[in-house]
Amino acid sequence: MNRSESRYFATAARMDEAFLTLLAKKDFEYITIKEICEVAGVNRSTFYLHYETMSDLLSESDGRMNEQFLASMEKDSDAFSTKLRNCPRDELYLRKR
């Protein structure tokens with residue numbers, strides 16, 4: 001990967017993190033592209049270089065979280081199973097794909 005590609009992916013990761021930070025505070029419907037750009041420290045045009053819509057960002061973030069989840073689960077499935085068994089039900093979330 002060259003420097004330009006690296007910067008491109010780093011910027012996408014910053015926007016993803018900004019989106020998840022905002023999502024922890026409010027519902028998806030109330031998050032704006034302007035807010036994501038402010039938190040990520042990028043211009044609005046940069047957002048559109050990476051995504052066409054907010055739904056595209058949501059989809060990419062969802063995919064990234066799934067990858068991280070599966071990697072974590074595969075890394076130490078016994079520890080994951082123990083955490084899952086001991087986790088309070090109100091902290092568990094099911095997603096529909």
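**Entry 1: Salt bridges**

I started with Arg 64 and Glu 60, whose side chains meet in a salt bridge at 3.0 Å, N to O. For a salt bridge, I count a side-chain nitrogen of Lys or Arg within 4 Å of a carboxyl oxygen of Asp or Glu. Before going on, I noted that this is a predicted model, where local features need pLDDT of at least 70, side-chain atom pairs count only at pLDDT 80 or more, and totals for chains, interfaces and linings use all residues. I also noted that residues are numbered from 1 along each chain as its sequence is written, and that side-chain values use heavy atoms, with hydrogens and water left out.

Arg 64 and Glu 60 are four residues apart in helix α4, so about one helical turn separates them. Helices here are DSSP runs (H or I, at least four residues), numbered from the N terminus.

How exposed is Glu 60? Glu 60 is partly exposed, with a relative accessible area of 31%. My cut-offs are under 20% for buried, over 50% for exposed and partly exposed in between, using a 1.4 Å probe and protein chains only. Arg 64 is partly exposed too, at 25%.

Next I looked up Asp 16, and found its side chain in a salt bridge with Arg 64 (3.0 Å, N to O). Asp 16 sits in helix α1 and Arg 64 in helix α4, so this pair ties together parts that are 48 residues apart in sequence. Asp 16 is buried, with a relative accessible area of 2%. Through shared partners, the salt bridges join Asp 16, Glu 60 and Arg 64 into one network.

How many salt bridges does the structure hold? It holds three. Lys 26 and Glu 35 form one of them, with their closest N and O atoms 2.5 Å apart. Lys 26 counts as partly exposed, at 28% relative accessibility, while Glu 35 is among the buried residues of α2.

I stayed with α2 and listed its buried residues: Ile 33, Glu 35, Ile 36, Cys 37 and Ala 40. Just after α2, I found Gly 41 with a positive phi of about 75°. In the loop between α2 and α3 I came to Asn 43, which counts as exposed at 54% relative accessibility.

Then I turned to the largest nonpolar core, which has 15 residues. By a nonpolar core I mean buried Ala, Val, Leu, Ile, Met, Phe, Trp, Tyr and Cys residues joined through side-chain atoms within 4.5 Å. Met 15, Ile 36, Phe 47 and Met 54 have the most contacts inside this core. Two or more residues come from each of α1, α2 and α4 (54–75), and α1 gives the most, with five.

What does Met 54 touch? Setting aside residues up to four places away in sequence, I listed Phe 19, Phe 28, Ile 31, Thr 32, Ile 33, Ile 36 and Phe 47. Contact here means heavy atoms within 4.5 Å.

His 50 is in helix α3 (residues 44–50). Is His 50 buried or exposed? His 50 is buried, with a relative accessible area of 14%. Beyond its neighbours within four places in sequence, I found His 50 in contact with Tyr 8, Thr 11, Ala 12 and Met 15.

Tyr 8 turned up again on the surface, in a nonpolar patch with Phe 9 and Leu 49 that has about 320 Å² of accessible area together. Phe 9 is in helix α1 (residues 3–23) and is partly exposed, at 48%. I also looked across the chain: from C-alpha to C-alpha, Phe 9 and Asn 86 are 36 Å apart in space and 77 residues apart in sequence.

**Entry 2: Confidence**

My last look-up was pLDDT, the predictor's confidence in each residue, from 0 to 100. The chain has a mean of 87, and 92% of its residues reach 70 or more. Which element has the lowest mean pLDDT? Helix α5 (residues 77–86) does, at 79, and helix α2 (residues 33–40) has the highest, at 97.

Conventions: Patches are made of residues with over 30% relative accessible area and no salt bridge: like charges are joined within 9 Å, nonpolar side chains (Val, Leu, Ile, Met, Phe, Trp, Tyr) within 5 Å. Accessible areas come from the Shrake-Rupley method with a 1.4 Å probe; for residues, only the protein chains shown count as cover.
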